[in-house]
Amino acid sequence: MLRNSSERYGLVAKTLHWLLAMLILSLIGIGYYMVGLTYFDRWYNAALAWHKALGITVLALAVAFIGWKASSIAPAYPASLSAWQRSAATGMHHLLILLMLVIPISGYVVSTSAGKAVGIFNWFEIPALLPVSDALRDAAIRVHFWAAYGVGVLAAGHAAAALKHHFIDKDGILKRML
Ligand code: HEM
Ligand code: HEM
């Protein structure tokens with residue numbers, strides 16, 4: 001039930017998958033909204049604080065997801081999947097996992113590049129560990145921007161593939177993640 005079987009994902013993998021998916025998609029929305037605000041807008045500080053704390057939550061959940069994946073068996077692909085489909089699915093999953101780490105880490109670098117710690121829900125702070133640097137900040141902003149909108153595009157392709165397997169191929173791939 002909790003663990004994956006050779007036929008389907010277990011509760012832990014499913015919960016982590018859907019939490020990560022919802023948080024990442026919401027953070028793209030909050031990020032897009034927040035960079036359109038000015039410093040004097042009412043929501044500027046609140047949106048940024050929520051964005052950072054939820055973003056660090058993604059980092060923690062992504063580490064848990066990777067640890068769980070490494071210690072679990074993966075449900076086998078249905079026999080109807082061709083070799084290229086298997087490689088494409090596995091490649092896409094690895095890319096999504098890489099971006100789950102790159103996006104929050106680059107966000108941390110943007111936020112701390114002026115020497116300020118990152119507050120997590122008024123609970124604790126993650127200190128700024130890197131040297132204060134405008135060049136580092138500019139590079140991190142570029143990485144954060146492309147990786148965040150890039151994961152949005154990839155997730156849309158990934159979801160489209162899942163829906164195609166469900167409605168057209170009817171091979172049960174979506175059901176085993178639900
Ligand atoms: C999966 C997690 C995250 C996603 C999907 C995400 C997504 C985004 C997006 C879409 C933007 C707007 C980019 C633009 O249009 O210019 C943005 C901006 C920003 N994010 Fe994130 N973010 C995440 C995590 C984080 C974390 C953990 C932090 C900091 C601790 C952070 C700090 C920032 C900052 C400071 C900006 C504004 C950058 C600027 O001034 O251009 N983000 N984020
Ligand atoms: C930002 C959003 C998302 C991310 C980052 C993401 C990431 C991932 C990753 C890394 C896996 C591989 C799991 C593993 O190997 O342990 C996976 C599997 C899966 N995802 Fe997503 N996903 C997202 C959104 C969605 C959405 C919206 C859907 C459906 C409409 C979906 C459906 C699935 C399904 C069905 C699988 C299982 C595929 C299989 O059985 O091999 N995902 N996802």
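A residue is buried if 20 or more other C-beta atoms lie within 10 Å of its own, exposed if 12 or fewer, and partly exposed in between, with C-beta atoms placed from the backbone.

**Entry 1: ground rules**

I am working on a predicted model, in which local features need pLDDT of at least 70, side-chain atom pairs count only at pLDDT 80 or more, and totals for chains, interfaces and linings use all residues. Residues are numbered from 1 along each chain as its sequence is written, while chains are lettered from A and ligands numbered from 1 in the order in which they are written.

**Entry 2: overall layout**

I looked up the secondary structure and found four helices and two strands. These are DSSP runs numbered from the N terminus, with helices being H or I of at least four residues and strands E of at least two. Starting at the N terminus, I read the order α-α-α-β-β-α. The C-alpha trace spans about 55 × 30 × 30 Å along its principal axes. Of the 178 residues, 17% count as buried.

I then turned to contacts, meaning two residues whose C-beta atoms, placed from the backbone, lie within 7 Å. Taking contacts between residues at least 6 apart in sequence, I see that 65% join residues at least 24 apart.

**Entry 3: Ser 111**

Is Ser 111 buried or exposed? I find Ser 111 in helix α3, and it counts as buried because 22 C-beta neighbours lie inside 10 Å. Setting aside residues up to four places away in sequence, Ser 111 touches Lys 52, Lys 116 and Val 118. I also checked Lys 175: Ser 111 and Lys 175 are 64 residues apart in sequence and 39 Å apart in space, C-alpha to C-alpha.

A nonpolar core here is a set of buried Ala, Val, Leu, Ile, Met, Phe, Trp, Tyr and Cys residues joined through C-beta atoms within 7 Å. The largest one has eleven residues, among them Ile 24, Phe 65, Ile 103 and Val 151. At least two residues of this core come from each of α1, α2, α3 and α4.

Ala 62 belongs to that core. Beyond residues up to four places away in sequence, Ala 62 touches Leu 20, Met 100 and Leu 101. I followed up on Leu 101, which sits in helix α3. Leu 101 has 15 other C-beta atoms within 10 Å, so it is partly exposed. Apart from neighbours within four places in sequence, its contacts are Leu 59 and Ala 62. Leu 101 and Ala 60 are 41 residues apart in sequence, yet 9.2 Å apart in space, C-alpha to C-alpha.

How far apart are the end C-alpha atoms of α4? I get 50 Å, which agrees with the 52 Å that its 36 residues should span at 1.5 Å a residue. The expected span is 1.5 Å times one less than the number of residues. Buried residues in α4 include Ala 140, His 144 and His 165, and what covers the buried residues of α4 includes α1 and α3. After α4 comes Lys 170, with a positive phi near 50°.

The 27 residues of α2 reach 39 Å from first C-alpha to last, close to the 39 Å expected. Its buried residues, including His 51, Lys 52 and Gly 55, pack against α1, α3, β1 and β2.

**Entry 4: the β1–β2 loop**

Phe 121 lies in the loop between β1 (118-120) and β2 (124-126) and has a positive phi of about 45° although it is not a glycine. Asn 122 is in the loop between β1 and β2 too, with a positive phi near 50°. Phe 121 is exposed, because 12 other C-beta atoms lie within 10 Å. Asn 122 is exposed as well, with 8.

**Entry 5: the ligands**

For the shells, I count a residue as near a molecule if its C-beta atom, placed from the backbone, lies within 6 Å of it. Ligand 1 is surrounded by 22 residues, and the closest are Leu 27, Gly 31, Gly 55, Gly 107 and Ala 148. Each of α1 (11-35), α2 (44-70), α3 (83-112) and α4 (134-169) supplies at least two residues of that shell. I sorted the shell into 15 nonpolar, six polar and one charged, where Ala, Val, Leu, Ile, Met, Phe, Trp, Tyr, Cys and Pro count as nonpolar, Asp, Glu, Lys and Arg as charged, and the others, Gly among them, as polar.

Around ligand 2 I find 24 residues, and the closest are Ala 21, His 93, Ala 155, Ala 159 and Met 177. Here α1, α3 and α4 are the elements that give two or more residues. By class, the shell around ligand 2 has 19 nonpolar, three polar and two charged residues.
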